[in-house]
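Subject: Structure handover

Hello,

Here is the structure we talked about. Please open it next to this email and follow along.

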Amino acid sequence: MEKIVVLIITKPYIPINCRLYYVSLCPIQSNLVLLVYRIMDVDEENIVSTSQEESLTTMPDSETLIPTTDSPIQPIQPLIPPLAPPSVVPPAIAPLPTIPPPIPQPLPPLPVRPPAKQNGELGANGSGSDSDYDESSGTQHALGANAEYEISEESKLVRERQERAMQELLMKRRASALAVPTNDMAVRTRLRRLGEPITLFGEREMERRDRLRMIMAKLDAEGQLEKLLKAHEEEEIAASTPVADDEEEMIQYPFYTEGSNALLEARVEIAKYSIPRAALRLERSRRKRDDPDEDVDAEMDWALKQAASLVLDCSEIGDDRPLSGCSFSYDGKLLATCALNGVAKIWSMPQVQKVYTLKGHTERATDIAFSPTQNQVATASADRTAKLWNSEGCLLKTFEGHLDRLARIAFHPSGKYLATTSFDKTWRLWDIDTGVELLLQEGHSRNVYGISFHCDGSLAASCGLDALARVWDLRSGRSILALEGHVKPVLGISFSPNGYHLATGGEDNTCRVWDLRKKKSLYVIPAHANLISQVKYEPQEGYFIATSSYDMTAKIWSARDFKPVRTLSGHEAKVTSLDVIGDGQCVATVSHDRTIKLWSSRGNGKEKDMDID
């Protein structure tokens, strides 16, 4: 039968026939000892080894088992009566012994490379060898002897960068101390004698002089002073030697292209035509200003009221392919349209009935225009040609010469000349009677798209994909004005009948009105939600501006305060072009939905009835 005995005594001992479980000192009174042991049976006693080799057992936290071999220990009566069954008391859990923190060991010293011995210098033991050191230090000597300081790649790059910066600084200091000629011709001459290019692409005078200074400083740093001095001597000799008269006279090449006699005659004709018309226009404007009976504001109000009453009068399918251009005849009785299949058609007004079909282009037709003086039609195409037709559909002339597809086309107010724009970055002027190319005009850095003539015939305005509009004087051939303001390609342009306003529209969805007298933009109209394909002034007085856009609408704007007057919405696709009839009572629009739409004012029928009565 097993018995668990717990004793609290003042002197530790191990009773006979017992197995010790736990022993601990009392944390409050140090003279008390707690013993927990089990009384073993006889069989277990025989199993337990009675060896007396372990005379002393050490316990943690100064808990020591007393020796049991020196003298027998007399049994002591237990405190608990033996007859009563002892209650099993779980052994008390003693507090964990505190383990002192480990003391960090000092790191071994770094291997120190011994100083190199000079010739004839003895070691520490007085002999010529370092065997004693090898025996004492062993591995430390091997590490110190073999250790080498290596520089990382980053440190090498930093060092190279610093050296390069120092060299550049020294080179700049040396260059600043050199004498370099200030005359650009002298700089070019010295560069040529040094075997260097006299100019680089886009290089200016100061940049060329700085380049010469750096070249001279480099030669000075490399010790090639002889070459530099030789070049300087050659310059002095050349300066002291008199130059022949023939060499002094440099050949002056013209900066312009000489025109033909036909162009000269055309310029004279244009001048004779434009000057009287300009005088009449100025006289008319003075009369409107000075005559009290003339009320310009009332006329404009009436014109804007008529424009505000524009409604859809007719819609007709113009072709089986999208339409790209339209134009009214000078008398308003005919309408011409062109499509992407290269076919142009002439329609009667106002019923919009097809009269003639003009076939001749091999590529898509890009624009069409009626002559302002007679019933002749000009078409432009992507086949790089423009063609002149009569009103009966017969081909009269073919204008060839452009190197790329054509964009827009326009007649001169005199009806004698035709202007075409092309994607070869030029616009050209043609003689209607002879079919001769009179003028090939460059000036745009990108493709030229739109063209328009001044009402007097003296000026022409072109616009292109370089976001510029240029005004040209046809009498002298000069570019008199460059209008910068659009941020995207300009596609439409139109002169006002008043002679000093110009309207442009482009891919930035805005219509800009320019004042030619002030040479700047007068107003910016945020016209549409998509690019503006065409801009037209009302041809009689210029009281309103009509714009067409790829947002499937056309809009009418007041030329006085540039406010919206009317929105012509009805197309189901992009509106590619429009035209305004002479009296401003009708507007025609064509679209990619293949339809022609006529917009007329509501008072037309009443006025006609009144005229008949």
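The protein has 11 helices and 33 strands. Helices (H or I, at least four residues) and strands (E, at least two) are DSSP runs, numbered from the N terminus. This is a predicted model: local features need pLDDT of at least 70, side-chain atom pairs count only at pLDDT 80 or more, and totals for chains, interfaces and linings use all residues. Residues are numbered from 1 along each chain as its sequence is written, and side-chain values use heavy atoms, with hydrogens and water left out.

**Overall numbers**

Of the 613 residues, 40% count as buried. Buried means under 20% relative accessible area, exposed means over 50%, and partly exposed lies in between (1.4 Å probe, protein chains only). Now the contacts, meaning heavy atoms within 4.5 Å. Among contacts with a separation of 6 or more, 47% are between residues 24 or more positions apart.

**Two open sheets**

Strands of a sheet pair through backbone hydrogen bonds, either parallel or antiparallel. Here, two strands pair if DSSP finds at least two bridges between them.

Thr337 has Lys345 in S9 as its bridge partner.

Another open sheet of four strands runs S15-S16-S17-S18, again with antiparallel pairing. Which strands stand at its edges? They are S15 (406–411) and S18; each has a single partner strand, so one side of each is left without a neighbour in the sheet. The twist averages 20 degrees from one strand to the next. S15 and S16 run antiparallel and are joined by four bridges. Leu406 stands opposite Ser422 in S16.

H9 lies across S16 and S18, at about 90 degrees to S18. Axes are lines fitted to C-alpha atoms, for helices over the stretch in contact, and angles run from 0 to 180 degrees between N-to-C directions.

The largest nonpolar core has 16 residues. Such a core is a set of buried Ala, Val, Leu, Ile, Met, Phe, Trp, Tyr and Cys residues joined through side-chain atoms within 4.5 Å. Tyr417, Trp427 and Phe453 are among those with the most contacts inside it. H9, S16 (417–422), S17 (427–431), S18 (437–441) and S19 (448–453) each give two or more residues to this core. Leaving out residues up to four places away in sequence, Phe453 touches residues including Phe411, Leu429 and Phe495.

Is Asp290 buried or exposed? Asp290 is in H9 (residues 261–290) and counts as exposed, because its relative accessibility is 54%. Its side chain makes a polar contact of 3.2 Å with the side chain of Arg289. A polar contact is a pair of N or O atoms within 3.5 Å; within protein, one must be able to donate a hydrogen and the other to accept it, and residues adjacent in sequence count only if both atoms are side-chain atoms.

Thr385 is in strand S13 (residues 385–390). Thr385 is buried, at 9% relative accessible area. The side chains of Thr385 and Asp383 make a polar contact (2.7 Å).

Best wishes
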